[in-house]
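The stops below follow pairs of charged side chains.

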Amino acid sequence: MIVTLTSALIGAVAALLVAILTTTNNSRRDREADWRKLKLEIYREYVTAISGIVEGRADNHAQDRYLDASHSLMLIALPEVLKVLFQFQKDHLDKRHLTPLMKAIRNDIKPRPDNSDEGIEFQMFKFIL
């Protein structure tokens with residue numbers, strides 16, 4: 001009887017531990033997924049804001065949008081991204097810093113594990129009609 005009771009108790013404790021660990025792991029994974037989603041949204045807004053300040057498109061609204069997006073990056077971006085961002089802004093959005101900035105952003109969000117930015121030069125496009 002004691003053996004049966006002990007076995008049942010051990011089984012119940014083990015089941016409880018497995019349930020707790022599973023719930024904790026799933027919660028952590030959900031928080032990480034939400035964080036990645038938020039980062040992607042803020043980075044997407046930043047890239048869209050850059051598009052709005054291309055020569056010939058910039059107006060007060062576009063500049064405000066760019067500033068707001070830049071400030072949002074300070075909440076979520078890795079220090080490596082912020083370092084390049086600050087240099088980009090310090091040099092008055094010099095396009096030489098666009099490639100390092102975009103590579104730092106892509107490194108932060110890791111679009112695919114096997115993704116390589118080697119040899120890519122990012123640029124801002126401007127259509128002339």
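This is a predicted model: local features need pLDDT of at least 70, side-chain atom pairs count only at pLDDT 80 or more; totals for chains, interfaces and linings use all residues.

Residues are numbered from 1 along each chain as its sequence is written, and side-chain values use heavy atoms, with hydrogens and water left out.

A search of the whole structure gives four salt bridges (a side-chain nitrogen of Lys or Arg within 4 Å of a carboxyl oxygen of Asp or Glu); the stops here include three of them.

Begin by selecting Arg 28 and Glu 32, whose side chains form a salt bridge at 3.1 Å, N to O. Both lie in helix H1 (residues 2–52), four residues apart and so separated by about one helical turn; helices are DSSP runs of H or I with at least four residues, numbered from the N terminus. Glu 32 is partly exposed at 34% relative accessibility, and Arg 28 is partly exposed at 40% (buried means under 20% relative accessible area, exposed over 50%, partly exposed in between, with a 1.4 Å probe and protein chains only).

Next select Lys 39 and Asp 108, which meet in a salt bridge of 2.6 Å, N to O. This pair links distant parts of the chain, Lys 39 being in helix H1 and Asp 108 in helix H4 (residues 98–109), 69 residues apart. Lys 39 is buried at 8% relative accessibility, and Asp 108 is buried with a relative accessible area of 10%.

Finally, select Arg 65 and Glu 45, a salt bridge whose closest N and O atoms are 2.6 Å apart. Arg 65 in helix H2 (residues 60–76) is linked here to Glu 45 in helix H1, 20 residues apart.

Note on methods
Helices (H or I, at least four residues) and strands (E, at least two) are DSSP runs, numbered from the N terminus.
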